[in-house]
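Me: I am new to reading protein models, and I would like to go through one slowly by asking about its parts in turn.

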Amino acid sequence: MESYDCLKLGNQLCFPLYACSKEIVRRYKPYLDELDLTYTQYIAMMVMWERKRTNVKELGACLYLDSGTLTPVLKKLEQKGYISRHRSTEDERNLVVEITEAGEKLKEQAVTIPARMGQCVKLSPADAAELYRLLYLVLGNVDGTPASDKLPD
């Protein structure tokens, strides 16, 4: 083995993850264009549909986004009328995000997107579950959080 084999693109785990992520997000685009959402806005709304109310710090942790990236996304979602943001009455340092009625209605338009994306990806349910498990295992190893904390109930 050559000493520089570790630098070959074909030997990198990060490259297929990067390329796959980029291609998956590209496949989402036409579906999200129908909703006038970016991918980042869409994943933020997914958390909001589930939680209804959260603070910016928790939302950022769920999405692996820092506040510098998340703030413009939330501002745009607020301009569109899908969320509201306000300071917590218990602790003014916390910015609370709540879903609005319009944001809840958007969920009805978005509900078909996962199935439509599933047709693009073409993985068996077992392969999809295994990939999901492995990706969360990697995330847990990278960020120090046990994968079991990230897997759905």
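What follows is a set of questions and answers on this model. The model is predicted, so local features need pLDDT of at least 70 and side-chain atom pairs count only at pLDDT 80 or more, while totals for chains, interfaces and linings use all residues. Residues are numbered from 1 along each chain as its sequence is written, and side-chain values use heavy atoms, with hydrogens and water left out.

Me: In what order do the strands of the open sheet stand?
Reply: Two strands pair if DSSP finds at least two bridges between them, and β1 pairs with β3 (residues 95-99) in the antiparallel sense over three bridges. The open sheet has three strands with antiparallel pairing, in the order β1-β3-β2. In this sheet β1 and β2 (83-87) each have a single partner strand, so one side of each is left without a neighbour, and the strands at the edges are therefore β1 and β2.

Me: At about what angle does α2 run to β3?
Reply: Axes are lines fitted to C-alpha atoms, for helices over the stretch in contact (heavy atoms within 4.5 Å), and angles run from 0 to 180 degrees between N-to-C directions. Helix α4 (residues 67-79) lies across β2 and β3, running at about 120 degrees to β2. Helix α2 lies across β1, β2 and β3, and its angle to β3 is about 80 degrees.

Me: How many residues apart in sequence are the parts that the pair of Lys52 and Glu104 ties together?
Reply: A salt bridge is a side-chain nitrogen of Lys or Arg within 4 Å of a carboxyl oxygen of Asp or Glu, and Lys52 forms one with Glu104, the closest N and O atoms being 2.7 Å apart. Lys52 lies in the loop between α2 (39-51) and β1 (53-55), whereas Glu104 lies in helix α5 (residues 101-110), so the pair ties together parts that are apart in sequence by 52 residues.

Me: Which residue in helix α5 lies three residues apart from Glu104?
Reply: The side chain of Glu104 also meets that of Lys107 in a salt bridge (3.3 Å, N to O). Both lie in helix α5, about one turn of the helix apart, and the residue asked for is Lys107.

Me: Is Arg93 buried or exposed?
Reply: Buried means under 20% relative accessible area, exposed over 50%, and partly exposed in between (1.4 Å probe, protein chains only). Arg93 meets Asp91 in a salt bridge (2.9 Å, N to O), and Asp91, at 23%, is partly exposed. Arg93 has a relative accessible area of 71%, so by these cut-offs Arg93 is exposed.

Me: What accessible area does the nonpolar patch with Leu131 have together?
Reply: Patches are made of residues with over 30% relative accessible area and no salt bridge, where like charges are joined within 9 Å and nonpolar side chains (Val, Leu, Ile, Met, Phe, Trp, Tyr) within 5 Å. Leu131, in helix α7 (residues 125-143), has a relative accessible area of 38%. Accessible areas come from the Shrake-Rupley method with a 1.4 Å probe, and for residues only the protein chains shown count as cover. Leu13, Leu17, Val121, Leu123, Leu131 and Leu135 form this patch on the surface, and together their accessible area is about 480 Å².

Methods:
Helices (H or I, at least four residues) and strands (E, at least two) are DSSP runs, numbered from the N terminus.
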